[in-house]
Amino acid sequence: MSAEGYTELTYAEEGHVGVITLQRPEARNALTHTTYAELERAVRTTTARCLVVTGADPAFCSGDDVKLIMKAAGDQVRDGLRAEPRLTPAADALLHTDVPVVAAVNGPAVGWGMELALMADLRLASERARFGELFVKRGLNCDVAGLGRLAGLVGRERAAELLFTGRVIDADEAVSIGLVSRVVPHDELLPAARALAGTIAANPPLAVQRIKQGLREALDPDWHDLGRWVSRNLAELFATDDHREGVAAFLEKREPRYTGR
């Protein structure tokens, strides 16, 4: 446990730049309920003027931990979504913070890992980065950022293809379609992200915050309304045979057999 009381991420701040690093490398930084709670807390309590979010190698974030969230707690997650449809707290923190966020994507960013990258204001990628909206492969719809941000970055048609197919793309394709701003050598990724964050943090913080607020007003949907829509539909999809089959096929390392039920 770090001095800040985190167990599944680390937070370090230097020169007005805060760096959040997901720290479950043995699980490719897959997210648990603890990780979500710690991510929310790190974003809400930061005193930095700019944040960098990254993952401990070899991955940025491989999405929800399938065994711990989708398999073991699937019914609990479904019932919670049905009882209280809402924007999840970690997404709420990331999407409504006035602190600029830079995603340093050092490896696979899939499922909610890609959503996490989309919730950042800027995305830098190493040549090892991979991106995929894999929700459809688990019989689910994506979270809010895949619906509210992806098309704005890559266009509606490319977004639809990525969402409908669950196809994973590499860093070169990501930069070519506008998903990330640039690709850098792996060892230079975090220094480049820190440098970019430092440039932002050196500007007048109140002006930067207002600019971020203005971008949100001009370009973003109502995240709370969209979050409630996402939750209601996820609650229904968690109860389907196709979702159970998608999870089983993933865990058993076989091709799924979907039935539309």
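Contact here means heavy atoms within 4.5 Å. The model on the screen is a predicted one.

So, A56. The residue sits in the loop between β3, residues 50–55, and α2, residues 66–71. Its relative accessible area is 13%, and since buried means under 20%, A56 is buried. What does A56 touch, not counting residues up to four places away in sequence? The list is T21, L22, Q23, P25, N29 and N106. As for G132, it is 76 residues from A56 in sequence, and the two C-alpha atoms are 19 Å apart.

As background, most peptide bonds are trans, and most residues other than glycine have a negative phi.

R28, in the loop between β2, residues 17–22, and α1, has a positive phi near 55°. R28 is partly exposed, at 39% relative accessibility. K253 also has a positive phi, near 55°, and is not a glycine. K253 belongs to the segment after α13, which covers 241–252. At 76% relative accessibility, K253 is exposed.

Next, helix α1, residues 33–45, which contains T35. T35 is buried, at 1% relative accessibility. Leaving aside neighbours within four places in sequence, T35 is in contact with E8, L9, L22, R24 and A30. E127 is 92 residues away from T35 in sequence and 26 Å away in space, C-alpha to C-alpha.

Now a helix pair. Two packed helices are described by the angle between their axes and the distance between the axes. For α4, residues 89–96, and α5, residues 112–119, the axes come within 9 Å and cross at roughly 25°. Angles under 35 degrees count as roughly parallel, and α4 and α5 are therefore roughly parallel to each other. Which residues make the contact? From α4 they are A90, A91, L94 and L95, and from α5 they are W112, L116 and M119. By class, that contact has seven nonpolar residues, no polar ones and no charged ones.

On to α8, residues 156–165, where A159, L162 and L163 are buried. Down the axis of α8, the buried residues fall within an arc of 95°, so they line one face of the helix. In general, an α-helix has 3.6 residues a turn, so residues three or four places apart point the same way. What do the buried residues of α8 pack against? They pack against α6 at 144–148, α7 at 150–154 and β8 at 169–170. On the other side of α8, E157 and F164 are exposed. After α8 comes G166, with a positive phi near 70°.

Last, D220, in the loop between α11, residues 205–219, and α12, residues 223–238. Is D220 buried or exposed? Buried, with a relative accessible area of 17%. Not counting residues up to four places away in sequence, D220 touches R149 and L215. With R149 there is also a polar contact, side chain to side chain, at 3.1 Å.

That is the set of sites I had.

How values were computed:
Residues numbered from 1 in each chain as written. Predicted model: local features only at pLDDT ≥ 70, side-chain atom pairs only at ≥ 80, totals over all residues. Heavy atoms only, no water. Buried < 20%, exposed > 50% of the residue type's maximum accessible area, 1.4 Å probe, protein only. Helix = DSSP H or I, 4+ residues; strand = E, 2+ residues; numbered from the N terminus. Arc of directions from axis to C-beta. Axes fitted to C-alpha atoms, helices over the stretch in contact; angles between N-to-C directions. Parallel < 35°, antiparallel > 145°, perpendicular 65-115°, else oblique. Nonpolar A, V, L, I, M, F, W, Y, C, P; charged D, E, K, R; others polar. Polar contact = N/O pair within 3.5 Å; in protein donor to acceptor, adjacent residues only side chain to side chain.
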